[in-house]
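Reader: I'd like to go through a structure feature by feature. Could you give me the general idea each time, then the case at hand?

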Amino acid sequence: MRKDMSYQAVMGRKTEIIKASAGLDFDQFESGSLAFDYEGMMASTGYTFDEIRRVQAEGSVGNTPLIELKNITALARKFAPKGNGARIFIKDEAANPSGSFKDRRAATAVYNAKKLGFKGVVSATSGNYGAAVASQAAMKGLKCIVVQECYDSRKVGQPEIVEKARKCEAYGAEVIQLTVGPELFYISLRLLEETGYFCASLYSPFGVAGVETLGWEVATQVKERTGKFPDAVVCTNAGGGNLTGTARGLLRAGCHAQVIGASVNLKGLHMASDNQFNRKSFTTGHTGFGIPYSTWPDRSDVPRSAARPLRYMDRYVTINQGEVFYMTELLASLEGMERGPAGNTSLAAAFSIAQEMPEDAIIVVQETEYTGAGKHIQPQLSFARDNGIEVSVGNPDLEVPGKSIILPADPSLLKARDLDMNKTRASLIRHALATIDHKPTSEDIRFLAQEVKSTEAFVEETIASLS
Amino acid sequence: MVKQGSWVSITRTILTAQERTASLPEDTSAVPFVMWVKGYLVEDAEIGQPAKVRTKTGRIEEGILEEVNPQYELNYGNLVPELLSIGDDARAILFGGEDNA
């Protein structure tokens with residue numbers, strides 16, 4: 001008998017499809033209340049840190065150059081109080097095979113899929129991760145399907161996503177392109193069931209453990225170069241895996257640098273809106289993913305996300321679209337490095353934060369990404385203009401996402417804007433409490449304190465203020 | 001007539017606007033959920049008519065034949081003049097000879 005492939009029927013089989021395709025039974029980590037065994041889940045990849053490094057090296061991933069941005073540092077010092085202006089370093093992750101740090105996440109997942117005997121992998125992503133999975137699958141001779149949200153209802157595609165489809169196809173992958181909407185998950189489940197392929201979720205323990213090598217390399221390379229660990233590391237934050245994995249890797253190396261999340265400010269734009277889809281100039285690394293995934297990680301395509309950024313984040317800043325484009329131009333014209341804009345979100349934040357830090361401090365931007373037609377400031381701003389966005393030069397504080405993009409009139413106007421961490425933490429606690437219909441247990445309270453990198457007293461105070 | 005074996009793209013409506021059940025903004029729920037996929041045409045077909053393709057992973061997909069040898073329409077867009085002076089201005093601040101601090 002043919003299976004019922006309707007939306008309702010496939011979504012109803014979600015748990016069994018994920019269990020079969022992710023190679024992991026998530027139920028084993030549950031406590032029965034809101035707490036679950038996060039470290040147990042992270043260890044369930046079955047690979048040690050050294051094995052992950054070896055797997056990545058086999059896939060030509062990692063050990064990317066660490067570059068000191070001397071001119072950008074000097075420029076930041078021009079606008080910093082006397083004695084301030086930390087040294088800014090960047091990890092050139094564009095040097096990975098498919099051009100971004102996402103290769104680290106894909107390498108482990110695809111290696112594991114091959115080891116378990118899967119014939120192919122499915123990945124639901126419009127971003128660099130799709131290209132990374134396709135690239136790793138190409139190396140290992142596995143088939144690959146990338147499912148992407150690409151077009152609005154007029155079939156107008158985001159230049160960055162159209163480019164990503166091209167890149168995935170260049171690696172021999174099949175690309176499924178969809179209009180805007182969360183029903184993408186339905187298509188992804190349907191494909192997993194039809195093909196029996198491995199679910200290379202960005203949010204699986206493989207996807208996040210793969211990033212630990214990045215944090216570890218940042219810590220060890222900075223120490224080798226300067227004799228000390230970095231003082232702060234800035235991570236562009238969307239789904240949270242980049243920050244989570246990097247922070248875990250820093251700690252693994254013994255480095256206790258301040259971990260700062262940075263997202264592009266897209267306040268007011270609805271991520272599932274057909275009309276607004278092409279009115280944003282960033283398809284990832286923005287607050288539209290960063291805030292919801294930080295404050296409630298378990299909204300992804302796996303039951304429990306391995307990406308839990310608030311466990312590690314000390315500070316969370318936003319940066320405007322025009323500021324990231326401006327920084328991308330500065331990276332090219334002052335440092336001779338042309339890289340993709342999305343990867344420069346954390347660089348824009350670091351330029352501002354470095355000015356708060358003393359000159360002998362070190363701040364690291366832990367990624368760059370490749371660039372090319374579509375994925376470049378020129379076509380992205382041109383596309384924005386074609387879609388009715390006003391592009392101008394002025395004060396970026398006045399930028400309104402979906403209406404305007406303002407390139408700073410001078411470098412002093414570029415500012416990282418802090419989000420209230422305790423409000424963000426309280427939001428996660430509120431979301432977690434909504435998943436149970438009883439009083440949180442003492443284990444839950446302990447778990448929540450770890451989830452938000454705070455104390456049990458903070459969790460209890462927050463719960464009291466919510467009820 | 002497009003010949004069997006041609007590399008094409010097809011499109012199919014997965015859910016009509018009425019069938020969309022997920023919680024969606026009004027503008028999105030008013031339009032269908034549509035898919036595009038590329039593959040080799042299984043049998044001769046006409047543009048705008050139903051067709052079957054064999055995709056890169058060997059799956060068979062059905063939909064309306066849209067394009068033969070689908071193009072990548074990517075470029076660097078219209079020049080954005082606002083970008084021209086960013087580097088020059090920064091270089092003047094940094095290497096201008098005067099201490100601008």
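Reader: Let's start inside. Which residues does Val133(A) touch, not counting residues up to four places away in sequence?

Author: One thing first: this is a predicted model. Val133(A) touches Ala106(A), Val110(A), Val121(A), Ser123(A), Cys144(A), Val146(A) and Ala200(A), with residues up to four places away in sequence left out.

Reader: Which residues have the most contacts inside the largest nonpolar core?

Author: The general idea is that nonpolar side chains tend to be buried together in soluble globular proteins. Here the largest nonpolar core has 156 residues, and those with the most contacts inside it are Val110(A), Val121(A), Val133(A), Val234(A) and Ile363(A). Helix α10 (residues 205-226) of chain A gives the most to this core, with 9 residues.

Reader: At what angle do α4(A) and α10(A) pack?

Author: Helix α4 (residues 49-58) of chain A packs on α10(A) at an angle of about 85 degrees, and their axes are 10 Å apart. Angles of 65 to 115 degrees count as roughly perpendicular, so α4(A) is roughly perpendicular to α10(A). On the α4(A) side the contact is made by Phe49(A), Ile52(A), Arg53(A) and Gln56(A), and on the α10(A) side by Ala209(A), Gly210(A), Glu212(A) and Thr213(A). By class, that contact has 3 nonpolar, 3 polar and 2 charged residues.

Reader: Now strands. Which residues of β2(A) point one way and which the other?

Author: In a regular strand the side chains alternate between the two faces of the sheet. In β2(A), Arg87(A), Phe89(A) and Lys91(A) point one way, while Ile88(A) and Ile90(A) point the other way, and all are buried. With 5 of its 5 residues buried, strand β2 (residues 87-91) of chain A is therefore largely enclosed by the rest of the structure.

Reader: And what does β10(A) do beside it: does it pair with β2(A) in the parallel or the antiparallel sense?

Author: Parallel: β2(A) and strand β10 (residues 362-365) of chain A pair over 4 bridges, with Ile88(A) opposite Ile363(A). That Ile363(A) is also among the residues with the most contacts inside the largest core. Strand β1 (residues 66-68) of chain A runs antiparallel to β2(A), joined by 3 bridges, and Glu68(A) has Phe89(A) as its bridge partner.

Reader: Is Tyr38(A) buried or partly exposed?

Author: Buried needs 20 or more C-beta neighbours within 10 Å. Tyr38(A) has 18 inside 10 Å, so it counts as partly exposed. Tyr38(A) sits in helix α3 (residues 38-43) of chain A.

Reader: Over to chain B. How many residues lie between β3(B) and β4(B) in their hairpin?

Author: There are 5 residues between β3(B) and β4(B), and Gly58(B) in the turn has a positive phi of about 90 degrees. These strands, β3 (residues 50-54) and β4(B), run antiparallel and are joined by 5 bridges, with Arg54(B) partnering Ile60(B). Strand β4 (residues 60-68) of chain B also pairs with strand β1 (residues 7-15) of chain B, in the antiparallel sense over 4 bridges; there Thr11(B) stands opposite Ile64(B).

Reader: Last one: how many residues of chain A are in contact with chain B?

Author: 51 residues of chain A are in contact with 37 residues of chain B. The largest share of the chain A side, 6 residues, comes from α15(A). By class, that side has 25 nonpolar, 17 polar and 9 charged residues.

Notes: Residues are numbered from 1 along each chain as its sequence is written. Chains are lettered from A and ligands numbered from 1 in the order in which they are written. This is a predicted model: local features need pLDDT of at least 70, side-chain atom pairs count only at pLDDT 80 or more; totals for chains, interfaces and linings use all residues. Two residues are in contact if their C-beta atoms, placed from the backbone, lie within 7 Å. Helices (H or I, at least four residues) and strands (E, at least two) are DSSP runs, numbered from the N terminus. Ala, Val, Leu, Ile, Met, Phe, Trp, Tyr, Cys and Pro count as nonpolar, Asp, Glu, Lys and Arg as charged, and the others, Gly among them, as polar. A nonpolar core is a set of buried Ala, Val, Leu, Ile, Met, Phe, Trp, Tyr and Cys residues joined through C-beta atoms within 7 Å. A residue is buried if 20 or more other C-beta atoms lie within 10 Å of its own, exposed if 12 or fewer, and partly exposed in between; C-beta atoms are placed from the backbone. Axes are lines fitted to C-alpha atoms, for helices over the stretch in contact, and angles run from 0 to 180 degrees between N-to-C directions. Angles under 35 degrees count as roughly parallel, over 145 as roughly antiparallel, 65 to 115 as roughly perpendicular and the rest as oblique. Two strands pair if DSSP finds at least two bridges between them.
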